[in-house]
Amino acid sequence: MNPLKKFLFELQEISILSFGALMALFTKPRYIPETIKQMDLVGVGSLPIVILTGFFTGGVLVLQTFPTLSYYSAQGQAGEAVATALVRELGPVLCALMVSGRIGSAISAELGSMVVSQQIDAMRALGTDPVRKLVAPRIFALILLLPLLTVAADVFGIIGGGVIASNIYNQDTNVFITSVRNGIETQDILGGIIKPVFFGLIIGGVSCYRGLSTRGGTVGVGLSTTSAVVQGSIAVIIFDFFLSKALQTILDLGRL
Amino acid sequence: MARTQKNLTLSQLRVGIFVLFGLMVLAFLILNSTGDFNPFEKKLRIKARFAAADGLRAGSEVQLAGVNIGKVEEVVLLPPESPEDFKIEAIMAVSLDLYGRPITERIRTDSTAQLVSTSVLANDKLINISPGSQKGQPVGENDILESKEAISINQLTQTGNDLLQQINRLATPTNEILNKANQGEGTLGQIINNDQLYQSLDSTIGEAKLTMLKLQNTLDSVNKGDGSAGKFVRDPALYDSLKETVSQLEAISKEIREGKGTAGKFVTDDAFYNETKAAISDLRVSVGKIGSIADDFKEISTSLREGRGTAGKLLKDDKLYDDVQNTLSKFSSTAEKLDAILADARAGKGTIGRLVTDETLYNNMNQTMSNVNQFSSEGTKLLYDFRQNPKKFLTIKFKLF
């Protein structure tokens, strides 16, 4: 099978799976306890790594941009630069990458081992739709919680930037806060929250498909886990570009 | 999964193809919507030649009166034998249509291409095309537009430098003048610092105003016929009387000329002249006498000056003065002493003092006088009694034992 066919096939399968999962949300039966469990796993479980990532990303942004800004005597705009970058771009993308690494691998490994141990077939034999029971709660949890995790990443990123600016570059905290307030507008935050919704769908679709299409025993589980993380991350970054461009047009962003 | 990956036909990949196609269209629309990416639009290629590219690159903006209409596609060097002003050629690709109308309605053969800096700081350049007029023809593909070099920032700086130097040169003397003026030196300084001119001008103007007012009032009253001037202007009486006087004078002069009356005699008869002449000669004699009197006076005054005679002594000898002064000084010492005595007297010292201040003497005198008075009344009564009954007193009884 040639790579183009393989790519088209996988795209088709992922699309069908995601569509089926989304449609399953509107009809009974719904598996609410399973959904809440997945939300706990995705949201609360990922919160520490997202906060840490956001905090240090904000810190390193200030660390790197501050000397350049002070070369142009624009130190006062460090907060603006960090906040804009985090809220518009880095918050959603980094958060999605971290969740893709942590949750995407977990989903594909779990579903993959269920496939390998024929639990999915048993489920189907017992009359339970694995897409409703397994895929829909995961995708829903990701779509709902990735924006919230992104907000946490944004907030802690700005805090990290402020800590670095005030402690290493001796910038007054008020200056930083004022600059952040100047930099962010409602459209920025809106754009930064719309993006993770799509990222959640992509991560969930790719990792669920990878898990369910696992073949060849435990080795296959490892392979599908790896490809779930890799393909999920790449898809997130590619879609991020087009999403950014579309949001720039729709929300009139990108003009300073 | 229901489907296996083996022996897939295209019909089994319909959904995949559809999704891929959908995503590609979506991506294209996203890029195309902002107008940044439009591979299917036809472009009009026009050229412009400049002396140097100066930061103009392929991809630089092309503007029509400041509105972005395309991009510079290529910047090429022209052959070495080309003229000095045209060493490079910029090939621009501009949109064929602008707001639904062909761009050639706006870019005409009389449009000019100008090399402009994007900002003051940046060295990046863009090409600005000026809109053409109706006189020009529509530009065609690969037409070369007339080019115009905009003032570069370097030229501007140079010009500014020259200007600044000249201003500097001018500023030093100006400064001196102004300093002097500020310190109040010279006419200008006085004009600026001293308000005397202003004050006097002001008062002058005020006075002038007042004068004008008065003049106007006067003229008004003159116009009305009040006062002498008014009468002079308005009343014909003066003119009439003047006329009469003149006619009378005329008559008088006529009579004089004819030798009538005293004046006529005066004018015509020479008797008066002769008498006058005699009187004048008499006067001259009198004047000579006055001269001799004056001589006498002179003599007297010289003798006075020399100290002769009583008056001379009075004028020249200071003995009399000395005597008078002596007498006066004595008089003044006497007065002083008298003054001291009087002062003592006022203080009640000495006899005079007592006399002046002490009332005892007066009281005693008074008492005495009253006693005397009583005594005299008693005396009077006695005398009266004596006269009435002299026998009472004049009976002398001799009693002997």
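In which handedness of crossing does H4(B) pass H5(B)? The close-ups below take up this helix pair and a set of strands.

This is a predicted model, in which local features need pLDDT of at least 70, side-chain atom pairs count only at pLDDT 80 or more, and totals for chains, interfaces and linings use all residues. Residues are numbered from 1 along each chain as its sequence is written, while chains are lettered from A and ligands numbered from 1 in the order in which they are written.

**View 1. The crossing of H4(B) and H5(B) is right-handed.** Here, right-handed means that the near helix is turned clockwise from the far one by less than a right angle. Helix H4 (residues 196-224) and helix H5 (residues 227-234) of chain B have axes that come within 7 Å and cross at roughly 50 degrees.

**View 2. Residues of H4(B) meet residues of H5(B).** From H4(B) come Ser221(B), Val222(B) and Lys224(B); from H5(B), Gly227(B), Ala229(B), Gly230(B) and Val233(B) (contact: C-beta atoms, placed from the backbone, within 7 Å). By type, they divide into 3 nonpolar, 3 polar and 1 charged, with Gly counted as polar.

**View 3. E2(B) and E3(B) form a hairpin.** Strands E2 (residues 61-64) and E3 (residues 67-77) of chain B run antiparallel, joined by 4 bridges (pairing takes at least two DSSP bridges). Between the strands lie 2 residues, and Ala65(B) takes a positive phi near 50 degrees.

**View 4. Gly70(B) of E3(B) has Val62(B) opposite and Val94(B) as its bridge partner in E4(B).** E3(B) and strand E4 (residues 88-95) of chain B run antiparallel, with 7 bridges joining them.

How values were computed
Axes are lines fitted to C-alpha atoms, for helices over the stretch in contact, and angles run from 0 to 180 degrees between N-to-C directions. Two residues are in contact if their C-beta atoms, placed from the backbone, lie within 7 Å.
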